[in-house]
Amino acid sequence: MNEAHHRRIGDTVLKVDNISLRFGGVRAITGVSFDIKQGEIFSIIGPNGAGKTSMLNVINGFYHPQEGTITYKGTVRRRMRPHHAASTGIARTFQNVALFRGMTTLDNIMTGRLLKMHGPAVRIAYRMGTLGVLLRPLAAGIDFVADMAFWGPAQQEEIRHRAVVERIIDFLEIQAIRKTPVGRLPYGLQKRVELGRALAMEPDLLLLDEPMAGMNVEEKEDMSRFVLDVNDEFGTTIALIEHDMGVVMDISDRVVVLDYGRKIADGKPDDVRRNPDVIKAYLGEAH
Amino acid sequence: MTPAAAASTETFPALLELNARIRGGRPAIREKDLGIWQTWTWKQVRDEVRVMASGFAALGLKRGDKLVIIGDNRPQLYWAMVAAQALGAVPVPVYQDAAANEMQFVLEHAEARFAVVEDQEQVDKLLEIKARCPRLEAIVYRDPRGLRHYTQPFLHSLAAVDAMGREHVKEHPEFYDEEAAKAKGGDTAIMLYTSGTTGQPKGVVLTFDNVIKMARMSVELEGLTDKDETLSYLPMAWVGDNMFSLGQTYAAGFCINCPESSATVMQDLREIGPTYFFAPPPIFQNILTQVMIRIEDASWIKRRLFHFFMKIARRVGSDILTKNPVPFSLRLLYWLGEVLVFGPLKNTLGFSRMRLVYTAGEAIGPDIFNFFRSIGVPMKQLYGQTEATVFVTVQPNDQVRLDTVGVPCPGVELKLDSNGEVLYRSAGVFKEYYKNPEATAETKTADGWVHTGDAGILDRDGHLKIIDRAKDVGRLRNGALFAPKYLENKLKFFPSIKEAVTFGAERDFATAMISINLDAVGSWAEKRNLPYSSYQELAAKPEVYELIKGNIEQVNRDIAQDRELAGSQIKRFVLLHKELDADDGELTRTRKVRRRFVADKYADIVAALYGGKASVHVEAKVSFEDGRTGMVKADLKIADAAVAEAQPARALAA
C-alpha cells in the first residue's frame, strides 16, 4: 500500500562526512559518512553496540566527534549544542522513554511547543513561575504576577499552541489518554506520546531512537503506520535507529548498516538485505 | 417558512425544518473534536443538510437510490441520512466494524449507488470490494487523512461535495424544498440489515411513519423534551441508534452528543452527563467491574464507607427510586449515602443527571441491575426488535423488575401463540424485508402481526417475560412449557454454578447437569474446612451437592410462580466431574452450550437421570490444553431436588 504513492524526495538535508568518535580509547564510530535526503525515511541499523545511538547523538549535537563534519541545511558544523539542534528543526525521541512521568499526555506534548513560544508575556509568566519556586516565601505574590501576565496575548498564544497539540493528539489517536499521567500508560503508548512531543516541535528532521524497542507485533505495526503517516502528512524527514531488521526494511527508503562503529552497507532495503557483510554481522560467521 | 415545513411533519426533512423554526438556536448535535465539544444548532444542522443534499444531487443521487453510510457516530453521517431522505433516496447504514466481504453482501443486495464513509479505513474496504459491486458509483469520505494520494475519480471528499452543494443551492435555490416536499409518510425512510445469526442478513425496510410514529409514542411515554441530552455511541447501523439519535431527537428536539472516538466513550459520558442513556448489559457490567476494582484499591475509609452505604442502598435504593414507602431512618441514611458515596460515584461515571436509562438485548444479571438501581440510576428494561422499529414492551417507571421486559407500549398489541411465541402488531411494524417476500411472509402475517421468534410468558400483571428462542422451547409430556435456556440462565446466575444443561422436552420431568464453578465453590469449601484435591473430588462432596441443591430449589420456587413454567421444575440433577469445555466440543467458542452434543456424549448420565438410579459410572475422554487426550473415570451421584408448590393459577388481565 505504501508504494502506491510517490513521496517527494528532495536534496540532501543532512550530510555526515567521515565522522569519528572516541571515548578515551574506545572507538565508538570510525570514519562514517552518509547523507539524508529531504522527505525520506532513513534508517541506521546494526547489532548491539554498533554505534547507532552514538551516531544519533552526534547528529543532534549531544556528542562532539573528534573528526569529520556535519552539514545540516547547507551549514557545516563540528560542534553544536542540543538546544541549537532543536531550534533549527531537529527533534528526537529516546531509546528509553524520557517523558515527564507525573505529567499528563497533554502536558508532555505541550512541552514540545516550548521553543515555539515567543510572546514576552509567556516568558515573564514562565520565568516568574520558576522564580516562584526558587523564592518560596514570596511565591504567592510572584504567582499572582505570573497569573496576571497570562491574560491577553499569552493566553491567545497558549490557545494557539494547544490547537497544534490537539491536532497531534488526533493524529496519533491518543484522545483517550489526553489527561492520563504518562507514568500510568503502557510502554507502547508512552512511545507514542514521546513521538507526539517530538512532533509538537514541527521538526524538519525527526530522529527516532529505537521507536519499536520492547513492543509486541501489534504495537510495532501501529508505530510503523504512524512513522509512515508522519512522513506522508507532514513531509517530515525521518532518521530512525532500529536493531529489529524486519520492520525497518518495510518502511525505509534507505538503510545504513553499522557494525563495530564502521559503515558496512548503505543502500535500498533490498540491496542491504542481500549484502553478505550485513548477513555476517547479524548472523555471525561460521568458523 | 419553507413549503416543506408548512406541508407536514411526517418525514425527517420536514421535522428538521420544524425544529429549525421553533428551536433554531438550541443545540441539536455536538461532537468532540480536537479536544473541544463543537455544537451545531438546529438551524445550522438544517443549513448543513440542505447543502449536503444539494451536493449529493449535483453528484447524481436520485430518488429511489440507496446510499450506504459507514462509520462511527459522526454529525456529518447523521446529516447524510436526512440529506438522502430529502432527495427521496434511502440511507442504508452498515456496521462500521464489518469486514469488507460482509459489507459486500449488503452493498450488492441493496444495490447501493452511493457510499458516505468516515475515513480511510472504510474507503480501503470499499475499494477492496468495488470491482464486485458494479452499481457503486461514488464514495464520499469525511476525513481526508491518508487519502491524499488516492486518485480514483469516484472518490470525493465531503468538503468537495459540500462546495458543489453550495454552488447548486445558488443555481437552484428552490430545488431542496421542492424535493423534500415530495416525501410522504409511507415512503421508505431507511433500510437496516439485521446481523442475521443464521443465514444471510435481511434488509428491514422502515417507513417514515414507522420511525416517526414510534419515536413520538416513546417521547410521550417517557416525557422526553428538548432539554434532554444523550450520547450517541452505539453503531449507527443498529435500529436503536436510529431511533434514539434520529427518531426521538427529531421528534423531541433534544441534543445528541457524538464521542471523540470509540475509546473515549466513558470520558465523554462523564463530560456530557446525559439525561437519557441506553446501553446493553455488558456495558453496565463493565462499568460495575471498573467501580469495584477502583473501590478495592481505594483507601480503607473510603472502602468502609462504600460497603456500609451500599448495604443500605441495596435494601432501600430501588424503593426510593420507585417512590415506595421507606422508613424515615433508612431514608435518612440513604440520603447521607447519596451525599457521601452515591452522588460522587454517579458524578464520576457521568450518571448524575440520568432520568431515563434503558437496557435491553439480553438478560441482565441481578447484581448489575440492583447495583445501578440502588444507587439511584433509573434503569429499566425494554424489549424490541428491528422489525418493530425498536419498541414492543417497556417497563413502567413504578414497575421495574429484574426478570420481565415490561408491558406493551401504547399502541402495541401483543399476543402469545400456542407454542409460546411472542407476536405483536403496532404502527412500528416494518414494511418488508427488502427483495425477500418469502421471509417477509414468514415473519409478518397478512393482518400485520409479527412473529418475534422469541418465546415468552405473560405474568399476572401483564408483564412479558422472554424465556428463550421459540424454536428451542419444548414441552414436557404433561404439557408444561419447558424453556431450557431460561432455566439454565437462572441457574448460572448463582456464583457456584458455572454451566448448566437442562433436559425435559418430551420427558416426564426436567433434569439438570451442572458444572460447578471451581473458584467460587473452592473458596466456599475452604471456608468450611472441606479438603479437596481436584475438581472431580470437590464436585462429588455431599456438602457441595447440598449447596447446589439449595440453588436448584431456589430456581424451582422462582418458576413455580409462573403458571406455564411451574410444571418444568428440576426434579433430579447431577454434578459433572469436569467443567464443560469448548476444547471437548461441549461449548461453542462463544461459550454457549451445545445441548444436543452434550446429550449424546453423556447419554449414560441422561439415562440415569431418568432411570431412577442413584449413581452412574462414566468414562469420558478429555482433551488437555496441550492437545493430549486422556480418560477420566468417575462414579457420579444423582440427587433429587424438592419441587415447590405451583401458585394457583389466577385469571390473566388481558
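**A guided tour of chains A and B**

Begin by selecting helix H5 (residues 100-110) and helix H6 (residues 120-129) of chain B, whose axes come within 9 Å and cross at roughly 70°. Axes here are lines fitted to C-alpha atoms, for helices over the stretch in contact, and angles run from 0 to 180 degrees between N-to-C directions. Helices (H or I, at least four residues) and strands (E, at least two) are DSSP runs, numbered from the N terminus. The model is predicted: local features need pLDDT of at least 70, side-chain atom pairs count only at pLDDT 80 or more, and totals for chains, interfaces and linings use all residues. Residues are numbered from 1 along each chain as its sequence is written, and chains are lettered from A and ligands numbered from 1 in the order in which they are written.

H5(B) and H6(B) are therefore roughly perpendicular to each other (angles of 65 to 115 degrees count as such, under 35 as roughly parallel, over 145 as roughly antiparallel and the rest as oblique). To display their contact, select B:Ala100, B:Asn101, B:Met103, B:Gln104 and B:Leu107 of H5(B), together with B:Lys125, B:Glu128 and B:Ile129 of H6(B). Two residues are in contact if their C-beta atoms, placed from the backbone, lie within 7 Å. These contact residues divide into 4 nonpolar, 2 polar and 2 charged. Ala, Val, Leu, Ile, Met, Phe, Trp, Tyr, Cys and Pro count as nonpolar, Asp, Glu, Lys and Arg as charged, and the others, Gly among them, as polar.

Next, select helix H9 (residues 208-222) and helix H10 (residues 239-252) of chain B, which pack at an angle of about 70° with their axes 9 Å apart. H9(B) is therefore roughly perpendicular to H10(B). Among the contact residues are B:Val211, B:Ile212 and B:Met214 of H9(B) and B:Met243, B:Gly247 and B:Gln248 of H10(B). By class, the residues of this contact are 8 nonpolar, 3 polar and 1 charged.

Turn now to strand S11 (residues 255-258) of chain B, which is covered on both faces: B:Cys255 and B:Asn257 on one side and B:Ile256 and B:Cys258 on the other are all buried. A residue is buried if 20 or more other C-beta atoms lie within 10 Å of its own, exposed if 12 or fewer, and partly exposed in between, with C-beta atoms placed from the backbone. Strand S1 (residues 27-33) of chain B runs parallel to S11(B) and is joined to it by 3 bridges; B:Ile29 stands opposite B:Ile256. Strand S10 (residues 229-231) of chain B also pairs with S11(B) in the parallel sense, over 3 bridges, and B:Leu231 has B:Asn257 as its bridge partner. Two strands pair if DSSP finds at least two bridges between them.

Further along chain B, select the open sheet of 4 strands in the order S17-S18-S20-S21, with antiparallel pairing. Its edge strands are S17 (413-416) and S21 (464-469), each pairing on one side only. The twist averages 50° from one strand to the next. Strand S20 (residues 450-458) pairs with S21(B) over 5 bridges, and B:Ala455 is the bridge partner of B:Asp468.

Finally, move to chain A. In helix H1 (residues 52-59) of chain A, 7 of the 8 residues are buried, so the helix is largely enclosed by the rest of the structure. H1(A) is followed by A:Gly61, whose phi is positive, near 85°.

To finish, display both chains: 12 residues of chain A are in contact with 9 residues of chain B. On the chain A side, the largest share, 5 residues, comes from helix H6 (residues 153-171) of chain A.
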